[in-house]
Amino acid sequence: MSNHDVKAGRWLAVLGAKFAWVLPFRTSLVVLVTLFSQIAHMLAFLLPLKIVILLGSDGVPRYFPPSFAKFDRDLLVVILGVATVGFFVAHTLAEKLIDWVTKSAAHLLVERNKKLVLFENQDQVAEGAYQGFARALAGLIFCSLALIALAWVYPEMAIVMSGYLAVVTFLVLGLCSYSERAREWINTNLSVLLDNLSAVGFFCVFGYLVVDFVVFQPPGILVAILSILAGRQSFGRVGAAVKGLYRLYNQREKLDAIFFHGRPLLKVVADKPGSFWQHLTPGQRSNWVEPLLREFCDVDTPDLEEIDRALEWQQPTYPNIGVFLYRAQDAVWMVKLFGQKKGSASQHEATLLADAPHGLPAPDFQGSSQYDAFPCGVYRLEPGKTLSAHHHASARFHIYSQLLSVELTKPFVRRYLRSMSTLPHRMSYSWLDRLVVAVITPEQKESLEKLRIHWQELCDFLSALPLVIYNPSLKPGSLWQAEASGSLCVLFWERWSLEPAGAGWPTGRKALAKLHEAHQEACKHRKSMRHFPSEHLMLSALAFELEQHVKNQKLDMAVETSRHLWKTLESFVVQETPDNDLDSQSC
């Protein structure tokens with residue numbers, strides 16, 4: 001057994017002692033009621049089997065308990081049916097009692113420590129921990145009682161079950177102590193592993209029972225049925241107990257802060273061996289960079305130490321992504337390692353860049369691979385440097401203009417629309433409902449009401465616009481400028497999307513003037529742009545900004561945006577006046 005296992009066992013013992021010492025009556029009651037609930041649940045599903053056996057027999061089978069023989073078969077069926085319902089009701093009531101006692105006990109434990117509120121859903125975490133520990137303890141007690149009962153009526157089966165539990169425990173703990181990689185795999189797949197071990201244990205019980213009936217001296221049929229049920233329930237309860245205790249141990253920082261005096265909530269950042277951050281450290285990063293360069297870039301790679309020294313950190317725009325630059329020969333290679341939860345971002349970026357539309361300001365995608373559990377990719381850049389923050393603002397508009405001129409193929413657009421939504425699909429009257437709470441002036445109220453009336457027309461305008469690629473990663477440090485040509489490209493494309501032309505464009509007065517110029521330039525490259533005035537693109541820019549403000553709960557800014565949106569939309573919609581209605585009626 002490793003030090004880690006000893007530490008976990010010691011911590012769980014201290015937590016259990018805390019519960020038992022502070023709330024001995026409630027803790028004992030929860031354990032006993034949980035045990036009763038589990039037994040009642042098992043009997044509620046055992047008795048229907050007896051009823052089926054009775055219904056298929058002429059009388060009461062001889063292997064039933066002798067006390068059953070004095071009852072008429074039909075009466076016994078009714079009694080067992082009522083008992084089944086009774087045990088199920090008892091199980092349900094016991095669960096309700098467990099929830100009530102758990103909540104009161106957890107609340108009392110938290111109150112006695114007299115601490116501040118540490119985090120959201122603190123009470124739920126405390127209740128879950130208290131109830132989880134009680135259920136785990138009750139499950140282990142249930143297994144122990146089942147083994148004791150089997151040792152009395154069927155000792156051979158008790159030996160088989162005890163031996164299986166001992167062998168599995170020894171093997172799992174031994175693997176965890178021997179291999180760090182095995183420990184990580186077991187921790188990652190613990191739930192599936194325990195379910196499979198429980199199933200294997202049940203088949204061991206069943207297999208021994210068959211062998212005993214065929215070769216050796218078999219027990220009674222009722223004992224055999226009880227053995228199968230006891231084996232199934234015991235292995236399932238032990239597996240559930242281990243999973244519950246494992247979840248508690250993973251929450252130990254929070255639980256220590258909730259239940260123990262003098263232990264504040266610590267949020268320690270620790271990088272485990274083989275973790276994402278470990279692969280970015282000097283001496284480790286070249287292990288995944290070198291295969292990428294060798295496989296996809298046709299580069300004569302030097303030794304790992306030289307590659308490691310040559311790598312330059314490039315700040316990404318989003319967390320859990322590691323980016324490095326490797327300068328070699330006449331090109332710069334950008335390599336990325338994505339965290340385990342960034343696999344979809346890696347695929348999303350590769351979907352666009354692997355077959356990038358002509359004119360897209362993006363690095364040349366060379367290929368992607370997998371290193372351990374982490375996706376990685378490599379990209380080619382022209383020799384150059386990251387654009388400084390001072391020049392970023394002006395260069396950003398150049399990128400926006402380029403994206404507006406990029407022609408998208410119909411198969412690419414259809415594939416995207418089959419999976420994702422665009423701005424007109426996301427537009428909802430609920431946005432306007434939220435803005436009502438922030439309206440102050442009569443002008444704002446009037447603009448909002450008129451915008452609501454013509455909301456569907458706005459959606460129709462935006463739906464008709466051609467789609468462009470929108471990249472939210474245009475932040476300082478994300479633009480690369482080539483030394484020779486001066487051309488710009490965006491380094492990061494993990495969150496690109498397709499939106500109506502104009503969406504994502506800044507909405508200041510000067511910015512909208514630049515949108516008009518960019519639209520004129522885009523008309524030279526895209527025929528689809530020529531059918532729409534630049535004011536339609538301004539509607540798209542304002543509607544997209546409205547969505548962002550509503551999403552971020554900047555309602556005061558959203559109200560102003562809605563006012564500007566209505567002013568722009570007003571000239572495009574047909575407004576019916578009472579005079580028009582009278583004229584139409586007279587006609």
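## Close-up views of rings, charges and a sheet

**View A. Phe544 counts as buried, with 6% relative accessibility.** Tyr470 also counts as buried, at 16%. Buried means under 20% relative accessible area, exposed over 50%, partly exposed in between (1.4 Å probe, protein chains only). The model is predicted: local features need pLDDT of at least 70, side-chain atom pairs need 80 or more, and totals for chains, interfaces and linings use all residues. Numbering starts from 1 along each chain as its sequence is written, and side-chain values use heavy atoms, without hydrogens or water.

**View B. Tyr429 and Trp455 form one of 16 aromatic pairs found in the whole structure.** Their ring centres lie 6.3 Å apart and their planes meet at 45°, so the pair is tilted. Rings of Phe, Tyr and Trp (its six-membered ring) pair if their centres lie within 6.5 Å; planes under 30 degrees apart are stacked, over 60 edge-to-face, the rest tilted. Tyr429 belongs to helix α16 (residues 429-435) and Trp455 to helix α18 (residues 455-464), so the pair ties together parts 26 residues apart in sequence. Helices (H or I, at least four residues) and strands (E, at least two) are DSSP runs, numbered from the N terminus. Tyr429 is partly exposed, at 38% relative accessible area. Trp455 is buried, at 2%.

**View C. Tyr470 and Phe544 form an edge-to-face pair.** The ring centres are 4.9 Å apart and the planes are at 65°. Tyr470 sits in strand β7 (residues 467-470) and Phe544 in helix α20 (residues 534-551), so this pair ties together parts 74 residues apart in sequence.

**View D. Phe276, Trp277 and Phe374 are linked into a cluster by ring pairs.** Two lysines sit over other rings. The charged end of Lys336 is over the ring of Tyr379, 4.9 Å from its centre. Lys514 lies over the face of Phe397, 4.4 Å from the ring centre. The test asks for NZ of Lys or CZ of Arg within 6 Å of the ring centre and within 35 degrees of the ring normal.

**View E. Three strands form an open sheet in the order β6-β8-β9, with antiparallel pairing.** The edge strands, β6 (384-386) and β9 (488-490), each pair on one side only. Two strands pair if DSSP finds at least two bridges between them. The twist averages 25° from one strand to the next. Three bridges join β6 to β8 (residues 479-482). Lys385 stands opposite Gln481 in β8.

Terms used. Axes are lines fitted to C-alpha atoms, for helices over the stretch in contact, and angles run from 0 to 180 degrees between N-to-C directions.
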